[in-house]
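The sequence and structure are shown first.

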Amino acid sequence: MFESGIAATLRAIGGRVPGLGLLKSRRRVADALAEQDAALAALFETGTAGICEVDMRSQRFVRVNRRFCEILKRDAASLMTMTPRDIVHPDDRVAIEVEVAKAMEVSGKWEAEVRYILPDGDIVWARVGASIWRRDENGAPLRRISVVQDITESVKVKERLIQSEELLRLGHRVGRIGSFVRDLRTGELECSPECRHIFGLAPVEGKISRAAWMAGFLPEDQAGLVEAIEAALKRRDPEIACECRIRRRSDGSFRHLEMRARYFYDEAGRATRSVGVVIDITERKEAEERFAYAARHDALTGLPNRTLFHERLNEATERAQQGEAFAILCLDLDRFKDVNDTFGHPEGDRLLIEAAARLRLELRAQDTLARLGGDEFAIIQTGVIDPEDAARLARRLVERFAEPFAIKGQSVLVGASVGVAMAPRDGARAEDLLIAADLALYRAKAQTTRGWRFFDPQMNEEARERRELEQDLRRALENDEIEVFYQPVLDVATLRVSRFEALARWRHPQRGFVPPDQFIPLCEEIGLIFPLGERVLSRACADAMTWPAPIGVCVNISAVQVSAGNLDQIVAAALAASGLAAERLELEITETALLRDSEATLSVLHKLKALGVRLAMDDFGAGHSSLGYLQKFPFDKVKIDRAFTQTVDQSPKSAAIVRAIVNLCAALGMTTTIEGVETEAQFQVVAKMGGQNVQGYLFSRPQPAERAPALIAQFGGSPEEQRAAE
Ligand code: C2E
Ligand code: CA
Ligand code: CA
């Protein structure tokens with residue numbers, strides 16, 4: 001009876017017991033018992049399994065081995081005072097007691113996985129095999145032997161496995177990750193529920209045919225996908241990753257997917273199956289697309305920006321090399337800055353949006369319209385067979401902008417200029433073409449008539465010259481090559497010198513004297529007007545101090561200097577440095593400066609007045625004359641543009657205009673100077689008009705500074721008369 005118990009016990013630990021179960025005679029039984037005791041004792045010595053012997057009447061441990069102590073983290077002495085019940089997890093005690101009792105009664109054997117509780121409260125999992133190994137004469141159980149193996153690690157691993165499987169499932173659901181297994185020989189797929197959801201397939205189980213699977217992808221992506229998979233299999237790639245787009249079966253929505261699959265090959269190298277995941281990356285993709293869009297479009301007008309324009313231009317330039325000619329048009333609004341200054345930036349923004357809309361209306365869908373920045377737009381006009389096609393468009397655009405814009409209830413003429421370059425004729429590279437169109441635009445802006453120009457290779461030459469001039473100018477300022485000439489302004493009644501107008505001259509080492517019309521506009525553009533203006537101003541004040549009579553000096557001020565806002569400080573400094581009395585200085589400001597009819601301009605003019613200097617409006621009648629300026633700004637004098645003077649003796653209309661201006665100014669308390677008097681006949685007409693001063697070649701051309709005393713001697717200085725006249 002008990003032999004079988006030991007045999008079972010030894011089996012539980014994988015041992016073998018030789019020759020058991022065949023003993024017949026009592027003596028041999030006794031021998032065998034002794035042998036078994038010895039075997040058991042040896043067994044107790046083993047370190048691979050924990051072994052214990054329990055007295056079944058007292059239920060106490062009577063023998064434990066070292067390994068058993070190790071597993072339960074208790075020493076043998078303390079275990080001897082305990083029962084198996086004491087070391088079982090409290091939650092399992094009752095159930096196990098019942099189970100063990102039953103098993104012992106039925107078969108004398110019991111096997112199970114048991115949770116033991118350690119002294120520190122930790123749990124250890126054990127596989128336990130128990131057998132009765134000794135009974136009394138009546139067959140009642142006396143002793144039981146249990147073999148205990150620590151399986152905590154493997155239980156933990158199993159738990160972790162279950163956990164990670166659950167986690168994976170959860171992750172798939174939360175992360176919208178679908179998985180699939182594909183039989184590469186039949187092409188059939190099995191999809192996880194999430195995978196079905198991504199593709200919008202019915203949530204039923206079952207295989208999906210290759211055709212049904214492929215039908216989900218966008219037709220334009222299908223061939224590429226098949227090709228990529230076939231290529232990967234041919235190369236025996238272990239895996240593949242790709243992005244593709246599907247139309248979801250359930251709702252027809254368009255989704256971006258990322259797919260990754262791992263391939264399995266048989267020994268012959270044939271692909272057998274793939275295991276893969278699909279992730280719905282639509283949101284990420286859309287965010288990326290939004291970001292990419294924002295990086296290549298102008299936020300205000302929604303038009304392509306400079307970056308995208310360059311991309312399109314590069315593409316078009318490449319096509320142009322293959323014979324697909326195109327035109328590039330650069331467009332710039334003429335008076336955008338004025339609108340911004342006058343009406344404020346929000347109105348300026350609205351104007352740009354409307355300008356973009358006007359432009360778009362004139363273009364075809366295949367043309368690119370971009371905003372390069374500020375009020376600069378550029379167009380790629382495709383399919384241009386003849387330059388006349390581009391010319392027609394340029395003309396249309398200019399005409400479109402000849403129509404006024406409605407800004408804050410006012411009708412405002414903004415105007416636009418256009419420069420046109422033809423590809424490939426005007427340049428092989430995109431940059432060259434853009435520069436060409438830009439140069440043409442620059443020229444279009446400079447001219448007074450038609451608002452557009454074609455590029456002309458001559459312009460490159462001019463641009464080069466301009467760059468040279470720019471360098472020369474910077475050097476000129478450093479080397480003090482800018483001189484000041486003086487032209488007398490005479491009193492009409494006495495023909496004595498009333499003032500001198502200071503006029504800048506550039507004494508160029510190679511070119512000789514360069515007239516101001518050739519360098520002042522450039523100085524204004526590149527900011528050199530500030531040092532130049534200060535130089536002329538301080539020189540004029542200083543020169544005036546050397547004149548033998550205290551006559552006045554007129555200095556021309558550029559619109560750019562006025563809008564900078566600190567002109568009063570510069571003037572005050574020049575007066576202080578020279579010691580010139582403020583009332584001897586007269587500043588000539590052209591009407592264009594006043595076009596920037598802003599509070600800032602008005603405030604600068606008032607500050608100048610407060611210094612005590614006189615203000616003259618120059619070139620009156622030449623530009624967009626507005627009588628409103630005369631009323632609004634604190635001018636002392638108006639200089640009537642010499643264009644009128646030139647025809648005053650021949651054209652009754654010119655004479656009428658000049659007379660009207662003189663009378664108007666007199667009525668407003670301003671004096672007048674009639675400029676550009678070249679002939680005696682002209683002088684005879686203007687002398688009778690009632691203006692105070694005349695100026696012109698008839699009397700004197702502008703002269704170097706050292707000639708001023710001679711001029712005063714020649715004409716006589718008349719500061720007194722001048723004051724009397726005012
Ligand atoms: P502006 O202020 O109208 O100056 C008068 C211009 O008319 C001068 O030309 C002068 O030489 C010219 N002029 C005078 N009498 C006659 C005449 O009888 N017939 C003709 N045809 N012309 C006459 P200039 O010196 O060449 O100056 C041209 C323009 O350059 C000036 O026009 C002025 O706007 C600008 N400018 C000259 N010097 C300066 C300066 O220091 N600063 C600024 N900002 N502008 C200046
Ligand atoms: Ca002037
Ligand atoms: Ca003038």
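In this predicted model, Arg392 has a relative accessible area of 42% and is therefore classed as partly exposed, since that class lies between the 20% and 50% limits. Its side chain forms a salt bridge with Asp389, with 2.7 Å between the closest N and O atoms. Both residues belong to helix α15 (residues 387–400), where a spacing of three residues separates Arg392 and Asp389 by about one helical turn.

**Salt bridges**

Side chains of opposite charge can pair when their charged atoms come close. The count for this model comes to 60 salt bridges.

| Pair | N to O distance |
|---|---|
| Arg392 and Asp389 | 2.7 Å |
| Glu53 and Arg63 | 3.0 Å |
| Asp298 and Arg371 | 3.1 Å |

Glu53 and Arg63 meet in a salt bridge. Because Glu53 lies in strand β1 (residues 50–55) and Arg63 in strand β2 (residues 61–64), this pair ties together parts 10 residues apart in sequence. Glu53 is buried at 4% relative accessibility, whereas Arg63 is partly exposed at 29%.

The salt bridge between Asp298 and Arg371 ties together parts that are 73 residues apart in sequence, since Asp298 sits in the loop between α11 (282–296) and α12 (306–321) and Arg371 in strand β12 (residues 368–373). Asp298 and Arg371 are both buried. A network of salt bridges also links Glu243, Glu258, Arg260, Arg284, Lys285 and Glu288.

**Calcium sites**

The calcium ion (ligand 2) is coordinated at 2.1 to 2.3 Å by Glu501 (OE), Asn556 (OD1), Glu588 (OE) and Asp618 (OD). Along the chain, these donors follow the spacing E-x54-N-x31-E-x29-D. Distant parts of the chain are linked here: Glu501 in strand β19 (residues 497–508) and Glu588 in strand β22 (residues 585–590) are 87 residues apart. Glu501 is buried, with a relative accessible area of 4%, and Glu588 is buried, with a value of 1%.

Asp618 lies in strand β23 (residues 614–620) and Glu675 in the loop between β25 (671–674) and α27 (680–687), a pair 57 residues apart. Asp618 and Glu675 are both buried.

Which residue coordinates both calcium ions, ligand 2 and ligand 3? Asp618 does so, and the two ions are 3.9 Å apart.

Terms used: Residues numbered from 1 in each chain as written. Chains lettered and ligands numbered in written order. Predicted model: local features only at pLDDT ≥ 70, side-chain atom pairs only at ≥ 80, totals over all residues. Heavy atoms only, no water. Helix = DSSP H or I, 4+ residues; strand = E, 2+ residues; numbered from the N terminus. Buried < 20%, exposed > 50% of the residue type's maximum accessible area, 1.4 Å probe, protein only. Donors = N, O, S within 2.8 Å, 3.2 Å for Na, K, Ca; no water. Salt bridge = Lys/Arg side-chain N within 4 Å of Asp/Glu carboxyl O.
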